[in-house]
Amino acid sequence: MTYEKLIEEVQRSAEFTSKAKAREVLRCVLGAMEKALLVDGRVVIPGLGTFTVKERKERNCLNPHTREVVKLPAKNVVRYRPAPELAKAVNREVKKIKKTA
């Protein structure tokens, strides 16, 4: 689903008269999630999953073209772990699709 399709879905579900209102609501939700990740390092949305900030340590990698060892600096990354209900629902749908194919 694209960002624009998500905006359309929010507009339809919340019965907003304009896409601008739906876009603003979505922007506020995503902004609040970003702020929570920066401050608390964790966002939990029941039924959807958990977003956490993890530190990736400095590491050495191999440049595949030159075979030279390159040092990658440490950085923070956002990790996502789906809620068990969502994971089960997705797996059920994948099994249905594979059976019909």
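The radius of gyration is taken over C-alpha atoms, and the globule rule is 2.2 Å times the number of residues to the power 0.38.

**Figure 1. Overall dimensions of the predicted model.** By the globule rule, a compact globule of 101 residues would have a radius of gyration near 13 Å. The protein has 19 Å. Its C-alpha trace spans about 55 × 40 × 25 Å along the principal axes.

**Figure 2. Order of helices and strands.** The protein holds 3 helices and 5 strands. Along the sequence they follow the pattern α-α-β-β-β-β-β-α.

**Figure 3. The hairpin of E1 and E2.** Strand E1 covers residues 42-45, and strand E2 covers residues 49-56. The two strands run antiparallel and are joined by 4 bridges. Val44 stands opposite Thr50 in E2. Between the strands lie 3 residues. In this hairpin, Gly47 takes a positive phi near 85°.

Figure 4. Of the 101 residues, 14% count as buried, that is, under 20% relative accessible area. Among contacts with a separation of 6 or more, 27% come from residues 24 or more positions apart.

**Figure 5. Surface and charge.** The accessible surface of the protein comes to about 8500 Å². Carbon and sulfur atoms account for 57% of this surface. The protein carries 23 positive and 12 negative charges. The mean positions of the positive and the negative charges are 7 Å apart.

Methods. Residues numbered from 1 in each chain as written. Predicted model: local features only at pLDDT ≥ 70, side-chain atom pairs only at ≥ 80, totals over all residues. Heavy atoms only, no water. Buried < 20%, exposed > 50% of the residue type's maximum accessible area, 1.4 Å probe, protein only. Contact = heavy atoms within 4.5 Å. Areas by Shrake-Rupley, 256 points an atom, 1.4 Å probe, with all protein chains shown as cover. Lys, Arg positive; Asp, Glu negative; His and termini not counted. Charge placed at Lys NZ, Arg CZ, Asp CG, Glu CD. Pairing = 2+ DSSP bridges.
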